[in-house]
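Hello,

Here is the structure I promised to hand over. Please open it next to this email and follow along.

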Amino acid sequence: MDWRTVFQDFENLDHEQKLELFRAIRSALFPDTPQPLAALVGELREARFAQAITCPHCHSRSVKCNGKYRSRQRYLCRGFGKSFNYLTASPIAGTHYPELWQRYFECMVEGLSLPKIPKKLGIHVSTAFYWRHKILNAIRALGSDMLSGIVESDETFFLESMKGKKHIPHRQARRRGGKSQYKGISHEQICVLVALDCNGGIVSQVAGRGRPTAIDINNVLGQYISPTVTLCTDSVTSYKKFAQMKGLVHYRLNANKGIRTKKGIYHIQHVNAYHRRLKSWMERFNGVATRYLGNYLFWFRFLEMHKGMGKAQQRRILLIQACRKPIKTPVHVLKAALRPFPFSVSYPNIKRCYTWKTIERAGMNMLLLSSDEMLTSRTKIHKIY
Ligand SMILES: [Zn+2]
């Protein structure tokens, strides 16, 4: 076939379709070149203002156009007179290095561990760390989607890690690759609950310490499970209680008695395979600090949900998702991250929200506090993160 015959139809496309085609051809020919941010403007803007143009500061819809800055349309909120654009309060808001961010998203898709990134991008390891958690916080803020149909659920455990902390109040510090001082599942094991449905929906979150109770399960899964769901789990009684609480049809598989499947379709093999993939993916990080475990779970969930796609496509979607919801993480969230797990404590006296710049500054100070020279050698870097 001659390329001219294909090109003849080009004129029949409208402008948007032409652009789509151009992007598709470019990413097919040069899969490794990141698209310039400018090419994503339309998608980023649509993702951010999917419902309406809303002020990221006060969520008011009463806004007006306010000229352009660096060819980006700006808006002015009539409520508090604050100005914003479609990237305000996103991880890449106000960036001076759009290309670097694009390449950073590539590192995220590849799941690079922290010490590899400075070599690749020429940024400081602490910058790499904060960029990572900016992105992951934004992804995490989107939450999970409702599950439907047959839902498989099971828990897995990660040894509690106080990586980066100098003083551990409640136990002796473990050396690298250390073991729990208790046999089996204890409060030193952090429980991660995973639920999958047949449409590719995934919920994967920290449920607490040790074996989960029905309440723990409900706290994680309750909001994502509708009454029409059929639940498949192992024979742990907490699931039975949870299923009763929610009034679900429940199939319990008892592997110890050799019952791995019921009626041919009810099993927990997909969720167990997910656990195995999650564990082997996490190995590259040499143990993740428990305070960041939730972020890593959302990272892996993203990769799993988009694993059929090419790397370029994954990077594009990750970027768009990370900028979709304006997220202002209050500084106490970062500070709370330095406290021992559980970190979901609320601080009623801290109400003010800070912008990312303030948090970054606070975050840097925290790193400096946790000692400058710790950043000097590669092994020590591992210790912090
Ligand atoms: Zn406003």
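**The core**

Of the 58 residues in the largest nonpolar core, five touch the most other members: V151, V192, L193, A195 and L221. A nonpolar core here is a set of buried Ala, Val, Leu, Ile, Met, Phe, Trp, Tyr and Cys residues joined through C-beta atoms within 7 Å. Buried means that 20 or more other C-beta atoms lie within 10 Å of a residue's own; exposed means 12 or fewer, partly exposed is in between, and C-beta atoms are placed from the backbone. Strand β5 gives this core its largest share, seven residues. The core also draws at least three residues from each of domain 2 (89–141 + 291–385) and domain 3 (150–288). Those bounds come from an automatic or database domain assignment. In soluble globular proteins, nonpolar side chains tend to be buried together.

Two notes before you go on. This is a predicted model: local features need pLDDT of at least 70, side-chain atom pairs count only at pLDDT 80 or more, and totals for chains, interfaces and linings use all residues. Residues are numbered from 1 along each chain as its sequence is written.

**The sheet**

Five strands form an open, mixed sheet in the order β6-β5-β4-β7-β8. Strands (E, at least two residues) and helices (H or I, at least four) are DSSP runs, numbered from the N terminus. Two strands pair if DSSP finds at least two bridges between them. β6 (202–209) and β8 (249–253) stand at the edges with a single partner strand each, so one side of each has no neighbour in the sheet.

Now take the pairs. β5 (residues 189–197) and β6 run antiparallel, joined by seven bridges. There, A195 has V203 in β6 as its bridge partner. β4 and β7 (residues 230–234) run parallel, with three bridges. V151 is partnered by L231 in β7. Five bridges join β7 to β8, also in parallel. L231 stands opposite H250 in β8.

**Around L193**

Which residues does L193 contact, leaving aside its neighbours within four places in sequence? They are S153, E155, Q205, A207, P212, I217, V220 and L221. Contact means that the C-beta atoms, placed from the backbone, lie within 7 Å.

L303 lies in helix α10 (residues 290–305). L303 counts as partly exposed because it has 17 C-beta neighbours inside 10 Å. L318 is 15 residues from L303 in sequence, and their C-alpha atoms are 9.2 Å apart.

Best wishes

Technical notes. Contact = placed C-beta atoms within 7 Å.
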